[in-house]
Amino acid sequence: MTKIMLRAAVVSLTALSSGLLFAPTPAAAQVGQASLRGTITAPADNPVVEVTAVEISTGLRRTVPADANGAYNFASLRAGTYRLEIKQRNGTRNSDALTLRVGQVAGLDLDLAAAGTPAPAGTTGEATPGDTPATGAAAAGDEIVVTGNRIRSLSGGQVGSVISSRLIEQLPQNNRNFLAFADLAPGVRFIEDASGASRIQGGAQDSRTVNVFIDGVSQKDYVLKNGITGQDSSPGNPFPQLGIGEYQVLSSNYKAEFDQVSSVAITAVTKSGTNEFHGEGFYDFTNQKLRDRRPSEIFPTTIPKVDTSNKQFGAALGGPIIKDKAHFFFTYEGKRISSPYDVRPENGYPISSIPQQYQDNFGTFALQFKQDLYFGKIDIEPTDNDLIELSGKYRDESGIQNATGINAASTSTLNKVVDKRGLLRWQHTGNQWINDARLSYEDSLFAPTPATDGITQFFQATQRIGNGIQRTDLLRAGGGGNFQTKGQKGWTIQDDFTFTGLQGHTIKVGAKAKWVKLNTLEQNLTNPEYTYDVNAIPGVAFNDALPYKLQFGATGAAGQANVRSNNFQIGFYAQDDWDITSHLTLNLGLRWDYERTPSYLDYVTSAENIAAVSPDNYPNLNKADYDINDYISNGNDRKAFKGAWQPRLGFTYRFDEAGRFSMFGGYGRSYDRNQFDFLQQEASQGAYQVRTFNFIGNDSLNPCIPSQTCIAWNPVYLTAAGRQQLASAAIGGGREFRFLNNDLKVPYSDQFSLGMRGRFSPVELEVGYTHIASRDGFAFLLGNRRPDGSFFFNDPADPGDVPQSPFSFSPNGYGSIILGTNGLKTNSDAVYFKLTKTYSAASPWSIDATYTYTQAEETGKFGDTYLLDYAQLSDYPMLRSSGVPQHRFVIAGSVDTPIGVTFSTKFQIESPIYLKAFVDRSDPFSRELVGRQADSLGDLWGRRQLDFAFTKYVPVGFITEQARVRMRLDILNVMNDRNYTDFNNSPLDPNYGQRSTYSTGGNAPRTIKLSAGFSF
């Protein structure tokens, strides 16, 4: 980072935190905060002077002035239940309770000049999106000013949902991951795999494009996938559920304060202590005796259930340190899990065709997992104008991990995740402005290692069907191959300044600077892997003696094994919520972000690498369709991207004075970032090198051309001495190359939304359309070319020849050339319908339902970053996305029954997945990416699950009058739907698209979970 940039960051943030930056530009509620504004009409001789919002549970007070017309504006309030103190020239009136939700932008108009009017039946004044304004909500004298169902939504073009504490607490679930209900938002999916690892995805983009903000602080993982730290491949939860108050899920068109996200943005607020002591504890339990058999335990023959268990437990305590001034909150949650997974060949390949000595590797096994999560928070209100919060989180987890697939139990990974975060926040409220400053720290570690050492065998079948050939993965057994230490550590300072002194405008500007050290150490394949084509040797039914490929990791002479990069990030934004009329609100925002990654920008390509791909050593590139010089850096060729300008625009038009019906829409551009796990490979490849050697005559699909890395097989290569002999004999030791484009772009998405909202008391309806186009996603391509510079070659002497990528045409003595570039594309068009009814004490039931129809397309296959099947990204057709179901319906609800039991349910159903695979044909000579929808599992559905939960609270009068015991029964997958995950994905096979195994992945059979708890 240059000195000029450092000074700019310091000056900008200092000015903001001092309240000096009054740029006449954009804003709304802070990330994770709520806002409330409106007009209070009063008699001419007794006007409103000021309005105070009082948080009922803590006594926190915020006061704003009212202008001559009675307009008031609370630009930033934390989510909670408030009452309003309305101070007039003569006297003060109080409102009833109203609840503001996380991220809500609410409007409330009152008329104190009208006669007092009771609240509509069945309402509590809860401020939910879509609530409508009304006049005549006041009272005279000491009467309560009733807000009732009069709060209107001003949320603009944002598309999403709010997940309340009631939903988090009551809805059935099996993992206590607070993000499990994010799929109630249009276009959002929450997915668990067979290892228990979970992820969020939205539109046609994968999980790395997601971001989660907790108390306004980004949880982005800059190194690994799945969007947030700790979630790369972990069954763990990112945050203790007891510590989450509620959260908002935005699937598109968020405002300018959201950064480093191009699909789903989630903003959550944590719980705080109150003026009363409250605590709770819980214990959840289930095991194999409380579940039905998994299909793989029934078919093809019935076997005993695999011993499994799931134990989750925790406690929370909060209360006052000094009443109305200081409070504390602390929570702990733990997990102890043993869960099943299946090992099986791909595409339904019969296990009986595999030799007996390998068959014990197939079947159902159990993984082990342990997690401990801690969170603590202290809030202090030294004055009516100041709020100080100090919080911290600690996450520690370990276990033995694997997943349903071809990997035998012996190849499992010992996982290790540690995540530490801290936050200091100071919010100061002035007469017509608010300043919110945050200083945060993060330290995240991901460190998997192999559970077993030794040689690894990887078996593949190669079958010719008609004029095409297919290759099927059968089994990987022996030692594990996952050895990594990766993470991020650093400090962030951010500041948001909101100005409300300009009538009709809520103007906010903000800045964030981050100094973060990214770290990667990758030493995969410390255990050598031998790959066998079981059909390669004529007359041999199952070839397990002559491998066609050997890959192993070894320390190299060049590069740095542990790649570190001291990254600097800075971003600025401005946002204006402009009430042009009582009917029309515009949301006008602009954001700019910059990131410097020294390990990429300052990288110097080694002389050895340059020589290896030079015309003298590798003339194959002389006529290639790309210029290798675009990937060779002298340390000065690369510049950080400075063009990340991101307009964020939205509008709300209310058709009636009451605001019951409105139209909304928006457009926004949002930049994400290039994952550091991709960028570091260029620097690390020379230090710890994966060596690749092919063996002559042992690959029936893609035979290699004799060279220093294509040699005759010798059994001595099964030993460490033999592998060292190979590495020493080849000039480059058989290592691969990673070259990154000198002009890498930054991935982004353009988002459009248009819809209608309506309030039909007591429910709210919303229908809308979204279009999301993502561009410049990162991908790796194969840089090898044949001697004439081509990628494919049709051998006229072989009528059965099919297209093959030129893996065997690598530089002499080296492995393949892998090129890193940008260019992945996705498009998503979705229509959705959403119905919401919020729970209240007077109307004790709720419903949240969302139906989404999506047409999505993508380059290649969903989630793939290694696209080695064509020469260029432009050669890949845009086909229907393999990661997005066309139809998806989710509904959740709860009701307090007359017998004192709360019943809740969640039901989800979606259309089948879309399969995609390559077909290589000899006549005509072609490689084609084709797809089809997998067979349905029922009446056109691909996945279906119904869950129930029954909760009974029993007052005990112990410790406090509110003390009670909680007993709960969850029934997951009530209908015992068999949601199979494996389908034949070989287009040449007559069984293409049909279920190929009995594995259900992370979809559990009918399971009963027992819970008990105590609260006071």
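Predicted model: local features only at pLDDT ≥ 70, side-chain atom pairs only at ≥ 80, totals over all residues.

Visitor: What is the relative accessible area of Glu608?

Guide: For Glu608 the value is 33%, which makes this residue partly exposed. Residues are numbered from 1 along each chain as its sequence is written, and side-chain values use heavy atoms, leaving out hydrogens and water.

Visitor: Which residue forms a salt bridge with Glu608?

Guide: By a salt bridge we mean a side-chain nitrogen of Lys or Arg within 4 Å of a carboxyl oxygen of Asp or Glu. Glu608 has Arg735 as its partner, with 3.6 Å between the closest N and O atoms. This pair connects distant parts of the chain, 127 residues apart: Glu608 sits in helix α5 (residues 607–612), and Arg735 in the loop between α8 and β38 (737–740). Helices (H or I, at least four residues) and strands (E, at least two) are DSSP runs, numbered from the N terminus. Arg735 is buried, at a relative accessible area of 2%.

Visitor: How many salt bridges does the structure hold?

Guide: There are 60 of them. One joins Arg166 to Asp896, whose closest N and O atoms are 3.1 Å apart. Here 730 residues separate the partners, Arg166 being in helix α2 (residues 165–170) and Asp896 in strand β44 (residues 887–896). Arg166 counts as buried at 15% relative accessibility, while Asp896 is partly exposed at 25%. Salt bridges can also link up into a network, as they do for a group including Glu55, Arg78 and Lys377.

Visitor: Now for sheets. In what order do the strands of the eight-stranded sheet run?

Guide: Strands of a sheet pair through backbone hydrogen bonds, either parallel or antiparallel. Two strands count as paired if DSSP finds at least two bridges between them. The order in this open sheet is β37-β36-β31-β30-β26-β27-β46-β47, with mixed pairing. Because β37 (710–711) and β47 (925–933) each have a single partner strand, they stand at the edges, and one side of each lacks a neighbour in the sheet. Helix α8 (residues 720–729) packs on this sheet, touching β30 (529–533), β31 (549–555), β36 (688–695) and β37, and its direction makes about 80° with that of β31. The axes are lines fitted to C-alpha atoms, for helices over the stretch in contact, and angles run from 0 to 180 degrees between N-to-C directions.

Visitor: How many bridges join β26 to β27?

Guide: Ten, between β26 (residues 456–465) and β27 (residues 468–478), which run antiparallel. Gln463, for example, has Gln470 in β27 as its bridge partner.

Visitor: Is strand β17 mostly covered or mostly open?

Guide: Mostly covered: six of the six residues in β17 (265–270) are buried. Ala265, Thr267 and Val269 point one way, and Ile266, Ala268 and Thr270 the other. Strand β14 (residues 211–214) runs parallel to β17, joined by four bridges, with Ile214 partnering Ala268. Strand β16 (residues 244–252) pairs with β17 in the antiparallel sense over six bridges, and there Glu246 partners Val269.

Technical notes: Buried < 20%, exposed > 50% of the residue type's maximum accessible area, 1.4 Å probe, protein only. Contact = heavy atoms within 4.5 Å.
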